[in-house]
Amino acid sequence: MEQAGRLILILGAILAVVGLVVWALGKVGFKGLPGDIRVESESFKFYFPIVTCIVISILLTLAMWLWQWLRRG
């Protein structure tokens, strides 16, 4: 039970940090990366952050690779 509680606390802290970063980026005017798909008209808005998703995927893959490499050593 202690390990589950610790895991939940760590995940909550990570989520809070990610939330603060996203909030801060919105405050400074970050609208996404070049290449993200944005379609806007008077009655319709569509935004798909394809490039942002790719960048986040690459960063998470590198972080998980580094984590695995450090745990083996």
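Is Leu 11 buried, partly exposed or exposed, and at what relative accessibility? I will come back to that after a word on the model.

This is a predicted model, in which local features need pLDDT of at least 70, side-chain atom pairs count only at pLDDT 80 or more, and totals for chains, interfaces and linings use all residues. Residues are numbered from 1 along each chain as its sequence is written, and side-chain values use heavy atoms, with hydrogens and water left out.

First, the fold. The chain has 2 helices and 2 strands, in the order α-β-β-α from the N terminus. Helices (H or I, at least four residues) and strands (E, at least two) are DSSP runs, numbered from the N terminus.

Now Leu 11. This residue sits in helix H1. Leu 11 counts as partly exposed because its relative accessibility is 49%; buried means under 20% relative accessible area, exposed over 50%, and partly exposed in between, with a 1.4 Å probe and protein chains only.

How far apart are the end C-alpha atoms of H1? They are 37 Å apart, which agrees with the 38 Å that its 26 residues should span at 1.5 Å a residue. The expected span is 1.5 Å times one less than the number of residues. After H1 comes Gly 29, with a positive phi near 95 degrees.

In the other helix, H2, we find Arg 71. Arg 71 counts as exposed because its relative accessibility is 61%.

On to the overall dimensions. The radius of gyration is 17 Å, whereas a compact globule of 73 residues would be near 11 Å. That radius is taken over C-alpha atoms, and the globule rule is 2.2 Å times the number of residues to the power 0.38. The C-alpha trace spans about 50 × 25 × 20 Å along its principal axes. Of the 73 residues, 3% are buried.

Last, the largest pocket. It holds about 280 Å³ of space. A pocket here is an open set of points on a 1 Å grid over the protein atoms alone, where a 1.4 Å probe fits, with protein on both sides within 12 Å along at least five of seven lines; lining residues have an atom within 4 Å of a point. The volume is the space filled by probe spheres set on the points, which are joined across faces, edges and corners. Among the lining residues are Val 18, Leu 25, Phe 30 and Ile 56. Helix H1 (2-27) and helix H2 (50-72) each give two or more residues to that lining, and H1 supplies the largest share, 5 residues.
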